[in-house]
Amino acid sequence: MPRAQTTPNESRSVFVALVGRPNVGKSSLTNRLVGEKVAIVTQKPQTTRSRITGVATHGAVQYVFLDTPGIHAPRNRLDARMTQTAAASIKDVDVTLMLFEPAGELTQAEAAMAEALRGAGPALALINKVDTLRSFAALEARRAYLQGLGVFDDVVPVSALDGTGCDALFARLAPYGHPGPHYFDDEAFTDMPEKELVAELVREKALLFLREEVPHGIAVTVTRFKERPDKDLVDIDVELICERRSHKGMVIGKGGQMLKKIASAARADCEGLLGVQVNLQCWVKVRESWRDSEKLLDELGFAKP
Ligand code: GDP
């Protein structure tokens, strides 16, 4: 049952865990729900620690979709605000969505997963890929079967492919939200994991090549992260933010050599991790004492605790 009674215009967040067997459509559905292609998340190696796969804000309600309700360990001080605010909630999502194929027997793993959800908090069953179903009767049979497991509050048919049922799903999720300010910008960093990862890689290279010259006062923020619709290529713009004017020149280097070196090393790593071609553009800016400025942290997109 929904945890909190909220009025329609009251600010709230819904943390949603997506589970289900491989290929059931978790990435596709996440993309569909956040309205942006974040599927390269799935191409990342397991080593990636970030678990946030998508954020969608509809008016007063912010939905945060997570691949597992697990740990989101802080990686560095730059995402401290985010992890600080998210960590507690991720452990304890508001609702879990378990995706199912529209037909066929459940695998053993699926049955075990569904069983594990029993009594572990609210859960909804999603019948995905309903676009492949030929008859209403087949859908109804599937619905009755899943409802009969006695684990799920409700069964919602969707298609990640054509968007069928997604509005209904949002409406069904909203009541599970908990009141309070949104955890992320309403403009939604739907692709936060990649952005975080890219920012982290660029920062790593900057620290590596600059050594002690420009110490830890560098922030890296991704200002654009767009996948080209027609090819496996992502355009990424990042800003390297220095605390002091004197540092800017060092980061850029003679004839731009240092910045080129940082960008090219970071690009190689980004391509390896994201599994797609990356067009990486780096810019250097000075924001004095950004680390101590709440205002600048806001501008940099770190949501307030
Ligand atoms: P994941 O492993 O659970 O993340 O699954 P993916 O999102 O990678 O999807 C696995 C496959 O199922 C891909 O080929 C998708 O195109 C396909 N797929 C996902 N959702 C749908 C859907 O709603 N309808 C149809 N027809 N195919 C889908």
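A salt bridge here is a side-chain nitrogen of Lys or Arg within 4 Å of a carboxyl oxygen of Asp or Glu. The model is predicted, so local features need pLDDT of at least 70 and side-chain atom pairs count only at pLDDT 80 or more, while totals for chains, interfaces and linings use all residues. Residues are numbered from 1 along each chain as its sequence is written, and side-chain values use heavy atoms, with hydrogens and water left out.

Across the whole structure there are 10 salt bridges. In one of them, glutamate 110 meets arginine 21 at 3.1 Å, N to O. Glutamate 110 belongs to helix 3 (residues 108-117) and arginine 21 to the loop between strand 1 (12-19) and helix 1 (26-34), so the pair ties together parts that are 89 residues apart in sequence. Helices (H or I, at least four residues) and strands (E, at least two) are DSSP runs, numbered from the N terminus.

An open sheet consists of 3 strands in the order 8-9-10, with mixed pairing; two strands pair if DSSP finds at least two bridges between them. Strand 8 (219-227) and strand 10 (277-286) are the edges and have a single partner strand each, so one side of each is left without a neighbour in the sheet. On average, neighbouring strands of this sheet are turned by 20° against each other, direction ignored. Strand 8 runs antiparallel to strand 9 (residues 233-242), joined to it by 8 bridges. Lysine 226 stands opposite aspartate 235 in strand 9.

Contact means heavy atoms within 4.5 Å. Axes are lines fitted to C-alpha atoms, for helices over the stretch in contact, and angles run from 0 to 180 degrees between N-to-C directions.

| Helix | Strands in contact | Angle to strand 10 |
|---|---|---|
| Helix 8 (residues 257-274) | strand 8, strand 9 and strand 10 | about 140° |
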